[in-house]
Amino acid sequence: MKDRTLLMIPGPIEFEPAVLQALGAPTTSHVSPDFIDAFGNTLERMRGVWRAPSGQPFVIAGSGTLAMDIAGANLIEPGDRALVLSTGVFGDRFEDLLGRYGAEVTVLRFPIGETVDFERVRAELEACSYKLMTATHVDTSTAVRVDPRPFGRLGREYGVLTILDGVCSIGGEELRQEEWGIDVAFTASQKAIGVPPGLALLVASETALDAWRRRTTPVANYYGDWGKWLPVMRAYEERRAAYFGTPAVNHVVALGVSLERILAEGMDARERRHERLGRACRAACRALGLGAVPTSDAHAANTLSAPRYPDGVDPPVFLKAARSAGAIFAGGLHPQISGKYFRIGHMGATRGGDLLAAIGAIESGLKACGYAFEAGAGVAVAQAVLLGCTK
Ligand code: PMP
């Protein structure tokens with residue numbers, strides 16, 4: 001029997017062999033000509049993936065939380081007002097984070113499974129003035145997607161900076177950072193970008209950089225200060241070396257490889273592939289009688305799904321049996337419903353065949369729990385969607 005278990009959690013994901021080879025290649029000097037060129041290419045490719053032709057990319061060793069931290073640290077000064085739009089655990093995280101830098105934070109929390117109601121946001125922006133607001137493109141705890149378009153539009157209309165947490169979306173869900181008026185959009189390497197955990201990736205608009213330049217107090221985070229990193233990013237793009245902290249050389253090269261592959265697939269085609277995977281997964285779970293955390297398919301993420309367990313299914317038994325059948329899924333994360341649902345990642349290099357195998361493993365897990373269903377019903381429906389035989 002093949003010793004391979006599909007990693008179908010919402011990050012880290014399955015990675016492409018070419019990316020893993022780059023990661024395992026002999027480490028070079030961070031000032032060697034090859035690396036300078038690779039870093040420069042990587043930064044240029046980020047603009048293509050973020051669709052931010054005049055954005056400023058930052059590649060910094062760390063995880064997605066560091067990307068959140070960098071956005072907050074550089075844009076908040078003590079006493080600034082910040083509005084957090086929360087659709088789950090990762091939205092909530094911004095409340096604590098921005099508060100650490102002295103922001104006065106207001107949180108608009110949306111019911112579990114619901115997306116952002118932008119009429120509520122508009123009313124809040126009418127009532128109070130804010131320096132910035134945050135939204136989570138896809139909150140990984142609920143699989144709810146927020147539309148970045150009205151978010152960016154309202155930000156521009158009210159002169160509020162917009163920070164988009166794209167950790168579980170960028171490289172999978174449609175994003176047009178510049179056209180949609182998003183000031184900072186960030187992610188981490190281990191999700192739809194397709195590189196093992198280790199990099200925080202941000203793209204900042206000129207408006208965001210201007211706000212940072214107008215600060216009257218120093219950035220209260222030494223490692224994350226754009227003032228340290230901006231000259232480094234600019235230098236590598238001009239194909240010169242510069243130093244503040246040693247870059248994660250192998251990760252940066254691997255990122256360049258992954259971004260090249262993403263752009264070769266084409267952003268439109270890639271988004272369509274994710275949309276189809278998401279639709280297939282949701283349809284399969286529905287065919288098996290599973291509910292979902294997102295209250296509507298219209299705002300359900302395409303990068304992950306969050307099916308609810310049917311009555312009588314024991315989460316540890318289900319997850320263990322699914323793993324034995326070949327696929328690893330993640331348990332629930334939202335503290336209020338964590339034992340009631342599980343999460344399936346289907347982003348980045350995930351192919352239709354991986355999803356079919358994953359749905360097969362879900363059926364095995366359900367069978368192990370004594371749940372009654374028609375064997376193969378989920379796999380058949382997923383395949384029909386993947387083949388385009390159904391809407
Ligand atoms: N935001 C979102 C939407 C996430 O899904 C995650 C990670 N699951 C984070 C932020 C934090 O990223 P990391 O775990 O890489 O620090």
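Two residues are in contact here when heavy atoms of theirs lie within 4.5 Å. This is a predicted model, in which local features need pLDDT of at least 70 and side-chain atom pairs count only at pLDDT 80 or more, while totals for chains, interfaces and linings use all residues. Residues are numbered from 1 along each chain as its sequence is written, and side-chain values use heavy atoms, with hydrogens and water left out.

**Gln190 and its loop**

Let's start with Gln190, which sits in the loop between β9 and β10. Helices (H or I, at least four residues) and strands (E, at least two) are DSSP runs, numbered from the N terminus. Not counting residues up to four places away in sequence, Gln190 touches Gly11, Pro12, Ile13, Phe15, Val195, Pro196 and Pro197. Gln190 counts as buried because its relative accessibility is 13%; buried means under 20% relative accessible area, exposed over 50%, and partly exposed in between, with a 1.4 Å probe and protein chains only.

Pro12 belongs to the loop between β1 (6–7) and α1 (17–24).

**Around the ligand**

Now for the ligand. It is surrounded by 13 residues, and the closest are Ser63, Gly64, Thr65, Thr140 and Asp165. A residue is near a molecule if one of its heavy atoms lies within 4 Å of it. By type, the shell splits into four nonpolar, six polar and three charged residues.

| Residue | Atom of the residue | Atom of the ligand | Distance |
|---|---|---|---|
| Gly64 | backbone N or O | oxygen | 2.7 Å |
| Thr65 | side-chain N or O | oxygen | 2.5 Å |
| Lys191 | side-chain N or O | nitrogen | 2.8 Å |

Taken alone, the ligand exposes 380 Å², and the protein buries 86% of that. These areas come from the Shrake-Rupley method with a 1.4 Å probe; for residues, only the protein chains shown count as cover.

Asp139 is found in strand β6 (residues 138–139). With a relative accessible area of 0%, Asp139 is buried. Leaving aside neighbours within four places in sequence, Asp139 is in contact with Thr87, Gly88, Val89, Phe90, Gly91 and Val144.

Ala143 is in the loop between β6 and β7 (144–145). Its phi is near 60°, a positive value in a residue other than glycine. Ala143 is buried as well, with a relative accessible area of 1%.

**Arg51**

Arg51, in the loop between α2 and β2, also has a positive phi, near 55°. At 15% relative accessibility, Arg51 counts as buried.

**Ala61**

Strand β2 holds Ala61. Ala61 counts as partly exposed because its relative accessibility is 31%. Leaving aside neighbours within four places in sequence, its contacts are Leu66, Gly198, Leu199, Tyr223 and Ala248.

**Helix α8**

Last up is α8 (residues 226–237), a helix of twelve residues that reaches 16 Å from its first C-alpha to its last, close to the 16 Å expected at 1.5 Å a residue. That expected span is 1.5 Å times one less than the number of residues.

At its N-terminal end, α8 is capped by Asp225, which has a side-chain oxygen 2.7 Å from the backbone nitrogen of Gly227. Its buried residues are Trp226, Trp229, Leu230, Val232, Met233, Ala235, Tyr236 and Glu237. They pack against α2 (33–50), β2 (56–61), α3, β9 (184–188), β10 (199–204) and α7 (206–213). After α8 comes Arg239, with a positive phi near 60°.

Notes:
A polar contact is a pair of N or O atoms within 3.5 Å; within protein, one must be able to donate a hydrogen and the other to accept it, and residues adjacent in sequence count only if both atoms are side-chain atoms. Ala, Val, Leu, Ile, Met, Phe, Trp, Tyr, Cys and Pro count as nonpolar, Asp, Glu, Lys and Arg as charged, and the others, Gly among them, as polar.
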